[in-house]
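This report describes how the parts of the structure shown below are divided and how they meet.

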Amino acid sequence: MPVEEMRLLVPADNSKDNKGFCKMEILNMTASKKDKGISKKKVATAAGAVALAGAVASKVHAQGSGKIKVGLLGCGGRGNAALRQCLQADPGVEVIALADLFESRVKRSRDRLLRDNKFKGRVKIDDDHLFWGFDCHEKLARCEADLLCMATAPAFRGRQMMAAVKAGKNIFTEKPVATDVAGCREVMEASKIAEQKGLAIVCGTQRRHEFSRIELMKRIHDGAIGELVGGQCYWYGPGIWYRGYQEGLSELEWQCLNWYHFNWISGDQICEQHIHNIDIMNWCFNGPPKNFMAVGGRAWRSYNDGQVRQAKEVCRKYNNGSDADWEKYNGDIWDHIFAEFEYPNGARCLSFSGHSPGTGRGGEKIVGTKGTSNCSSSISGENPWKYEGEHVRGMEQEHIDLIKSIRSGNPLNEGQRIAESTLTAIGARIAAYTGRSFSWNWLLNSCKQDIVPKQKYLRPGRGVFHPTATGRDKLV
Amino acid sequence: MVQKQKLTRRELLKSSAVTAGALVMGGAAVPLAEARGSETIRVGVVGCGGRGSGAAHDCVKSSPGVRIVALADAFEDRLRGLKNEFKVRDRRCFVGLDAYKKLMALDDVNLVILGTPPGFRPVQLAEAIRRGKNVFMEKPVAVCPAGIKMVIEASNKATEKGLAIVAGTQRRHEPKYVETMKRIHDGAIGEIVSAQCYWNQGGLWVKKRRPNQGDVEWQIRNWLYFAWLSGDHIVEQHVHNIDVINWAFNALPDQVHGLGGRQDRTGPEYGDIFDHFGIEFFYPGDVRTISTCRQIAGTTNRIGERVVGTKGVSDCCGSIKGENPWRYEGPNPNPYVVEHADLIKSIRSGNPLNEGQRIAESTLCAIMGRESAYSRQQFKRSWFINRCTLNLLPPDGLKLSDSKPVDPFAVPGKYQLPGLVQGKRRRG
């Protein structure tokens with residue numbers, strides 16, 4: 001891909017709360033404007049989509065009334081957007097419950113939904129179906145929803161998914177699904193339970209639901225570019241919001257509000273954002289890498305003047321006016337990781353991620369013995385090809401596919417796959433933080449990393465801070 | 001690196017077969033260039049530290065009729081070892097930052113070994129060529145684009161004058177590399193579509209500042225850690241591996257985009273350099289390669305190269321796998337000695353080797369990687385060599401007692417790459 005083209009993928013300014021996720025920008029690159037109002041008609045004609053036929057599984061709670069009751073967990077920008085995409089996906093979807101760490105967010109989300117004419121009559125959220133607090137996911141799992149949309153910070157996804165599948169809920173979950181190895185294992189476990197119970201899990205790696213990429217990947221897997229011998233993926237953008245002090249929040253709550261900056265809550269940028277591209281690499285190779293190697297660090301975040309000023313203020317507020325310890329409030333995530341994935345066939349691929357002012361790069365490239373592909377819509381080489389079919393927006397299509405799969409009685413289950421992609425990103429991060437190389441087998445089976453506090457320790461109070469990784473951290 | 005090379009050299013010292021190939025040219029005294037009229041190669045060593053001493057030994061060992069006849073170093077204590085060993089007379093030993101000029105003024109010296117910190121290389125090479133000396137110079141050969149241009153100019157002059165230049169990228173003189181490259185260039189692995197190279201290792205020696213030590217003296221004694229002297233470790237060490245990838249492609253990268261930082265080595269004794277880099281080079285045809293280097297204690301080592309083609313894979317040093325499998329099974333003479341043997345042979349045969357342009361180009365690629373990582377900007381090679389105004393050459397008349405505050409290390413987003421207008425697209 002020429003530089004000019006790569007530069008088109010400059011992620012947008014993320015300063016606004018509700019636009020915290022750059023993926024919207026990337027998505028805009030692959031879907032044309034006319035695809036905006038996705039309709040059921042499109043769904044019915046969609047190639048590769050599950051047939052709507054009469055097959056309605058009896059065990060699916062949803063099928064009786066034709067209604068699918070949805071609860072939203074995580075009422076921030078991404079959660080509200082995902083909920084709307086879910087409502088748009090099928091007229092039988094109703095929203096009945098909202099949950100978030102913060103009461104104000106839950107109520108604000110309900111107000112906004114009620115004001116939205118598009119969903120008139122489909123917003124049925126009683127007062128006793130508004131949940132907040134660190135245990136809101138447990139309360140939500142106990143309500144009568146059929147489907148839970150999960151969009152909180154990723155640290156808690158494992159326990160949230162586990163509670164949901166145990167309560168018999170279908171799941172839409174945002175990526176990533178964990179911030180540590182223990183969390184990934186929990187999601188794999190939840191995914192198995194979902195399988196046994198016939199529950200659906202779909203994940204917000206929306207590229208997997210874009211028709212263009214689906215058609216492309218079929219060809220790559222059929223050998224259109226020969227054996228895969230190399231590849232690159234990138235998510236390199238200008239930076240991310242920082243949320244300063246807010247009256248009335250305990251330190252831990254503030255930390256969760258400012259989640260992106262703490263590795264144990266966000267998983268660092270490679271996990272939180274770059275997972276999209278890493279997931280595409282894994283898709284190309286039909287599975288995760290076998291070996292990890294990475295370098296990286298935190299080079300400019302500590303010198304970001306505006307952020308430093310805010311961090312000092314936060315520090316003073318929580319420390320009787322002293323800003324001596326301000327650096328921990330500035331976050332511990334890095335700003336660049338350069339990783340190499342070695343896939344089982346020996347191919348070594350680059351993962352290039354980070355933030356830095358005035359930069360931008362995104363996308364993927366896969367290299368085979370007979371050609372290359374941009375991993376989105378075209379192949380060049382011995383078997384040139386260009387996708388010319390219908391374009392859909394993955395972030396809408398993923399909900400359409402999910403609900404169809406629930407209705408048809410053939411629930412999609414992406415749980416294991418997204419846990420593997422999340423673990424791939426985490427593996428690269430661990431390799432960079434420790435400076436050590438290791439195998440997938442070690443990571444999956446022997447790594448003891450477990451950095452998210454147990455549920456019982458999560459309550460309004462002191463924050464949980466870890467030192468910034470040194471690049472030679474101990475491998476656990 | 002320095003340590004590693006020493007070790008290898010020492011091992012190889014024991015091997016008597018080492019110079020077998022090199023000895024062939026022994027008696028053949030071919031009158032040529034500045035060696036003309038004398039069968040003896042009379043060597044002046046500029047920079048008598050670890051690398052310079054190593055090179056001096058290798059040079060003497062490589063061929064008959066080689067004598068170390070003059071020495072120069074910034075410091076008397078660094079010069080003493082070679083002086084005693086090779087019994088070099090006082091009046092032919094020069095100390096100070098201008099010692100190289102005095103050494104190169106000696107008419108009888110017909111080969112100089114340049115083993116000073118890389119920041120001095122362009123100036124010293126230019127002087128050597130001006131004075132009509134053949135040159136063996138350590139890698140890298142510059143730390144900035146301005147230095148690269150000087151080296152290329154000096155190299156062109158050497159060609160005009162019939163002088164030899166060999167650089168210490170010893171892999172170019174290692175039979176297992178040479179034989180593998182021949183096959184890669186003949187198509188044994190098909191078209192190259194991917195490549196990787198690495199120099200990931202632990203820490204290296206560091207010299208803390210002593211009381212009363214001036215800025216310049218301390219920085220030169222602790223030269224690894226200052227970009228104006230070493231070029232940073234990507235240039236100082238990893239240039240070896242980058243050079244191999246350039247060799248495999250028979251081309252230079254068009255563009256670069258890199259990351260890097262200073263994560264572990266943050267103390268003042270580590271000057272202004274980074275401790276890790278991850279660089280993506282774009283070779284012609286949009287073939288993208290991985291380059292990583294790291295110097296952090298306790299991390300996993302990986303040093304080497306790998307090239308992937310449409311028909312196979314090679315480690316560049318003796319193994320090809322795929323449609324045309326092959327293993328190198330020939331001799332493995334010490335490449336640190338062979339490079340000198342090849343140099344002296346070329347001088348005596350009247351066909352002087354000149355590696356100046358090539359090593360300047362590989363050094364340039366490493367510098368590009370460094371500057372891309374410092375600035376986090378992607379740019380083209382043509383822009384970098386033609387338009388980037390970065391100049392880290394030591395000022396004329398630099399003294400050991402001069403004040404020279406340590407440059408601040410690069411903070412991406414704040415670091416300004418000279419000549420680069422932030423936000424503007426960089427074209428060649």
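This is a predicted model: local features need pLDDT of at least 70, side-chain atom pairs count only at pLDDT 80 or more; totals for chains, interfaces and linings use all residues.

## Domains of chain A

Where the two domains of chain A touch, domain 1 contributes 33 residues and domain 2 contributes 42 residues.

On the side of domain 1 of chain A that touches domain 2 of chain A, the elements giving two or more residues are α2 (23-30), α8 (181-197) and α16 (394-408) of chain A. Of these, α8(A) provides the largest share, with four residues. Sorted by class, this side of domain 1 of chain A comprises 16 nonpolar, ten polar and seven charged residues.

## Domains of chain B

Chain B is likewise assigned two parts: domain 1 (2-171 + 336-355) and domain 2 (174-331 + 362-386). The C-alpha centres of domain 1 of chain B and domain 2 of chain B are 24 Å apart.

The contact between the domains of chain B involves 15 residues from domain 1 and 22 residues from domain 2. The side of domain 1 of chain B that touches domain 2 of chain B consists of ten nonpolar, three polar and two charged residues.

## Interface between the chains

Chain A places 29 residues in contact with 31 residues of chain B. On the chain A side, at least two residues come from each of the strands β7 (228-237), β8 (291-297), β9 (336-342) and β10 (348-355). The largest share, four residues, belongs to β10(A).

By class, the side of chain A that touches chain B holds twelve nonpolar, 13 polar and four charged residues.

## Nonpolar cores

In soluble globular proteins, nonpolar side chains tend to be buried together. In this model, the largest nonpolar core has 230 residues. The residues with the most contacts inside this core are A:V70, A:C149, A:A294, A:A339, B:I113 and B:A248. Helix α17 (residues 415-434) of chain A supplies the largest share of the core, ten residues.

Which residues surround B:I113, neighbours within four places in sequence left aside? B:I113 is in contact with B:V43, B:V45, B:V46, B:G52, B:A55, B:A56, B:C59 and B:F136.

Methods:
Residues are numbered from 1 along each chain as its sequence is written. Chains are lettered from A and ligands numbered from 1 in the order in which they are written. Two residues are in contact if their C-beta atoms, placed from the backbone, lie within 7 Å. Ala, Val, Leu, Ile, Met, Phe, Trp, Tyr, Cys and Pro count as nonpolar, Asp, Glu, Lys and Arg as charged, and the others, Gly among them, as polar. A nonpolar core is a set of buried Ala, Val, Leu, Ile, Met, Phe, Trp, Tyr and Cys residues joined through C-beta atoms within 7 Å. A residue is buried if 20 or more other C-beta atoms lie within 10 Å of its own, exposed if 12 or fewer, and partly exposed in between; C-beta atoms are placed from the backbone. Domain bounds come from an automatic or database domain assignment.
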